[in-house]
Amino acid sequence: TGIITDTDILRLQAHSPHQLVLDIEKAASIDDLRQLHTRIQNLVLHLSGTGIAIRDMVKLIANLNDQVLIRLIELLRADKYSDLTDNFAFVVMGSEGRGEQTLSTDQDNAIIYDDALGATEVARLEAFSHDLIDTLISIGVPPCSGGIMARNPQWRRSLSTWKSELNRWLSTPTPENVMTGSMFMDLRPLYGRRELADTLREHALHHMSQEQGFLVRMAQNMVNFAPPLGWFGRIKVEKSGEHRGEVDLKKAGIFAITDGIKALAMEARRLDGSTHDRMEALIEAGVLKPDQVADLRAAFDFLVRMRLRGQVEALGAGRKPG
């Protein structure tokens with residue numbers, strides 16, 4: 001049929017997730033990571049036409065982004081912060097925490113540090129957090145429009161201060177506290193002392209088991225995002241602005257599913273993993289029936305696939321993915 005050359009094999013390796021992970025682990029500079037971040041986007045563009053399951057695609061994107069972040073932390077510590085304490089955890093939240101990232105996902109991260117740290121150690125951790133987030137932005141990871149990033153003081157706290165802040169969110173379920181607290185419940189430790197994050201999440205789940213008001217408000221907030229359907233099931237689109245004629249798929253349905261499942265998982269204390277993992281755990285807990293989950297899973301995967309397709313088309317046309 002033909003001859004396979006070494007060039008053919010090397011060209012295929014350029015689109016290999018395994019090879020990309022190896023290259024990230026060997027990255028020696030910030031410039032290397034910047035190029036690798038671009039390669040992640042190119043890999044997604046390549047794989048989007050191969051029929052790979054959307055669940056596997058978003059998990060792959062999240063895993064590659066995790067590797068970039070971990071390598072960046074290692075490079076910064078080796079270059080400028082060799083004296084940095086080990087008594088902290090860098091955590092990611094939101095879609096990144098659930099391992100459900102698409103191409104345009106911005107940053108949602110925080111730092112939890114040990115209560116025993118002294119003022120000098122905390123000051124170094126603050127300087128490190130600024131360098132880390134600024135460098136992440138410089139290599140192409142969008143900043144969070146809401147400021148949910150570890151360089152901001154409210155997202156960099158000691159364990160006991162985080163517990164107090166979580167208590168305030170959970171016991172005072174204003175719309176803002178509900179949105180923030182809900183996103184925080186997706187936290188996943190990416191670097192450092194995992195037990196700091198585990199302790200904090202267990203504290204939150206215990207608090208909620210005694211105070212149901214937060215879950216009630218969370219459910220109310222979720223149903224405020226009505227599906228964009230008009231008369232006879234017609235889809236409502238944006239009437240004006242840069243997205244005129246388009247639909248915001250996150251607000252249209254993705255958010256309702258992720259947060260609806262999250263609220264049930266919080267109540268059942270089955271919060272580990274992705275939305276898919278939580279759905280399966282809720283079947284095991286007897287909260288949802290298999291046919292309900294089959295419908296929700298199909299709807300969720302369809303919407304995420306449409307969102308990713310729109311982002312891939314935007315990149316192909318030279319536009320910023322939205």
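Author: Two strands pair if DSSP finds at least two bridges between them. The model discussed here is predicted.

Reader: What makes strand 1 and strand 2 a pair?

Author: Strand 1 (residues 88–92) and strand 2 (residues 109–113) share five bridges. The definition asks for at least two, so they pair. The sense is antiparallel. V91 stands opposite A110 in strand 2.

Reader: Why are strand 3 and strand 4 called edge strands?

Author: The open sheet has four strands in the order 3-2-1-4, with mixed pairing. Strand 3 and strand 4 (188–192) each pair on one side only. From one strand to the next, the twist averages 30 degrees.

Reader: Which helices lie on these strands?

Author: Helix 7 (residues 159–171) lies across strand 2 and strand 3, at about 105 degrees to strand 3. Helix 9 (residues 194–210) packs on the sheet and touches strand 1, strand 2 and strand 4. The direction of helix 9 makes about 100 degrees with that of strand 2.

Reader: Now R151. Why is R151 called partly exposed?

Author: Its relative accessibility is 21%. Buried means under 20% and exposed means over 50%. The value for R151 falls in between, so R151 counts as partly exposed. R151 sits in the loop between helix 6 (119–138) and strand 3 (156–158).

Reader: How do you know that R151 makes a polar contact with D134?

Author: The two side chains come to 2.4 Å. The cut-off for N or O atoms is 3.5 Å, so the pair qualifies on distance. Beyond its neighbours within four places in sequence, R151 is in contact with S129, H130, I133, D134, I137 and R156.

How values were computed: Residues numbered from 1 in each chain as written. Predicted model: local features only at pLDDT ≥ 70, side-chain atom pairs only at ≥ 80, totals over all residues. Heavy atoms only, no water. Buried < 20%, exposed > 50% of the residue type's maximum accessible area, 1.4 Å probe, protein only. Contact = heavy atoms within 4.5 Å. Polar contact = N/O pair within 3.5 Å; in protein donor to acceptor, adjacent residues only side chain to side chain. Axes fitted to C-alpha atoms, helices over the stretch in contact; angles between N-to-C directions.
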